[in-house]
Amino acid sequence: VSVAAVNGPRSVVLAGDEDVTAALAAGFEARGRKTRRLAVSHAFHSPHMDGMLDDFRQVVEGLSFEAPR
């Protein structure tokens, strides 16, 4: 599990294995904290995405960037 984002002093996003993040959320809820699961298909802000970096790099290297017209 990693801290994926800190959106404010009361808004933190955790990312990682579902079972561990769910257990952490349950612990926060037991302490009276509000939690909610984000509706996402992947843990984009977690180290789980590291394996895709080379594939992403190959795609981006084939792109050209210009100012919008």
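## Phenylalanine 56

Phenylalanine 56 counts as partly exposed because its relative accessibility is 42% (buried means under 20% relative accessible area, exposed over 50%, and partly exposed in between, with a 1.4 Å probe and protein chains only). This residue belongs to helix H2, which covers residues 53–61 (helices are DSSP runs of H or I with at least four residues, strands are runs of E with at least two, and both are numbered from the N terminus). Between phenylalanine 56 and alanine 25 there are 31 residues in sequence and 31 Å in space, C-alpha to C-alpha.

## About the model

This is a predicted model, where local features need pLDDT of at least 70, side-chain atom pairs count only at pLDDT 80 or more, and totals for chains, interfaces and linings use all residues. Residues are numbered from 1 along each chain as its sequence is written, and side-chain values use heavy atoms, leaving out hydrogens and water.

## Overall layout

Along the principal axes, the C-alpha atoms fill a box of roughly 50 × 30 × 20 Å.

## Burial and contacts

Of the 69 residues in the protein, 12% are buried. Among contacts (heavy atoms within 4.5 Å) between residues at least 6 apart in sequence, 29% join residues at least 24 apart.
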